[in-house]
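Hi,

Here is the structure I promised to pass on.

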Amino acid sequence: MRNNTYHFKLGDFECIAISDGTLAYRPPVFPPPAAFLFGNTPEEQLEPLLENHNLQLEKWVAWESPYICLIINTGQHQVLLDTGADDLDPNTGQLLHNLKAEGIAPHDIDTVILTHGHPDHIGGITDSEGKLAFPSVRYVMWKDEWGFWTSEQAELRLDEHGKEVLLGFARKNLPPIRDHLDLLEHETEITPGIHAVAAPGHTPGHMAVAVRSNGEQLLCISDTVLHPIHMEKPEWCALVDFDPEQVVATRRRLLSRAVSEEALVLAFHFPFPGLGRIVHKGEGWQWQPTERLVIID
Ligand SMILES: [Zn+2]
């Protein structure tokens, strides 16, 4: 199995999980992984959970996170979910290359859904010259998210860590799509079978996406959780979670929904291909990665 792309069918829709690359979050650019991902958690609570995941607090020096975009071919529409990080890191920015290897050109895509305005999700909107990488698509984003990044709010409300990088990516990538943009204020159908789901907290207008076809459902939770441990301990938040209280409420709502609706789940930062199911465990949930799906090719 190739580890850059992963084909699966959801009802009548053909989907491809596509890697944009992997970023190793490590000092000095980022805090150590445990502090970065579970910043509000006392060490004595953290250690046993990490051990269950074969991690040791002292030895966990880098969080290797894939960036996983998604192509949904509905027959009517070819939709891309998030655009990757472009040149954020030498190991990211592989989306266009991996699409091309699948025989998909930028003009084959008609809709790009942006779950939120962080660099790893909007970085691939423009190329190195600032031109749109997907020139003739309809972009979709939550209105509060657009407002946050294109007004002075982000400048005023973000803490200093990484702020210049975040603002730089937003300033480069968001203004060029202004005339191609649908801003959502309510949960709505984006294209037939693809629905926007409000998921605020990680960022002010963070959005999840529910895909339904022929009795099957895929819930794309984007950065609602960053690591499988967040499912077991939904109250443990990452330093990059903008509003922790809202993050916890959104996690509980979406994870409950995934269980009750028996949805397949896609998580942007999980080990590739980021697909799995969620089950109840104790007072939280547990991630069960999908080992095998229907491989089309
Ligand atoms: Zn992300």
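A quick definition before anything else: buried means under 20% relative accessible area, exposed means over 50%, and partly exposed is in between (1.4 Å probe, protein chains only). By that cut-off S222 is buried, because its relative accessibility is 5%. Its backbone stands out too: S222 is not a glycine, yet phi is positive at about 50°. S222 sits in strand β11, where strands (E, at least two residues) and helices (H or I, at least four) are DSSP runs numbered from the N terminus.

Some housekeeping: this is a predicted model, with local features needing pLDDT of at least 70 and side-chain atom pairs counted only at pLDDT 80 or more, while totals for chains, interfaces and linings use all residues. Residues are numbered from 1 along each chain as its sequence is written, and side-chain values use heavy atoms, with hydrogens and water left out.

N214 also has a positive phi, near 50°, and is not a glycine either. It belongs to the loop between β10 (207-213) and β11 (216-222). N214 counts as exposed because its relative accessible area is 59%.

S222 turns up again around T115. Beyond its neighbours within four places in sequence, T115 has contacts (heavy atoms within 4.5 Å) with L81, D82, H121, G205, H206, M207 and S222. T115 is in the loop between β5 (111-113) and α4 (119-122), and it is buried because its relative accessibility is 2%.

One joins P27 and P28, with omega about 5°; P28 is in the loop between β2 (13-25) and α1 (33-37). Another runs from F272 to P273, with omega near 5°, and P273 is in the loop between β12 (264-267) and β13 (275-281).

Last, the charges. E43, E44, E47, E51 and E58 form a negative patch on the surface. Patch residues have over 30% relative accessible area and no salt bridge, and like charges are joined within 9 Å. A salt bridge here is a side-chain nitrogen of Lys or Arg within 4 Å of a carboxyl oxygen of Asp or Glu. Areas come from Shrake-Rupley with a 1.4 Å probe, and the place of a Glu charge is CD. E51 is in helix α2 (residues 43-52) and is exposed, because its relative accessible area is 53%.

Cheers

Conventions. Patch = residues over 30% accessible without salt bridge, like charges linked within 9 Å, V, L, I, M, F, W, Y side chains within 5 Å. Lys, Arg positive; Asp, Glu negative; His and termini not counted.
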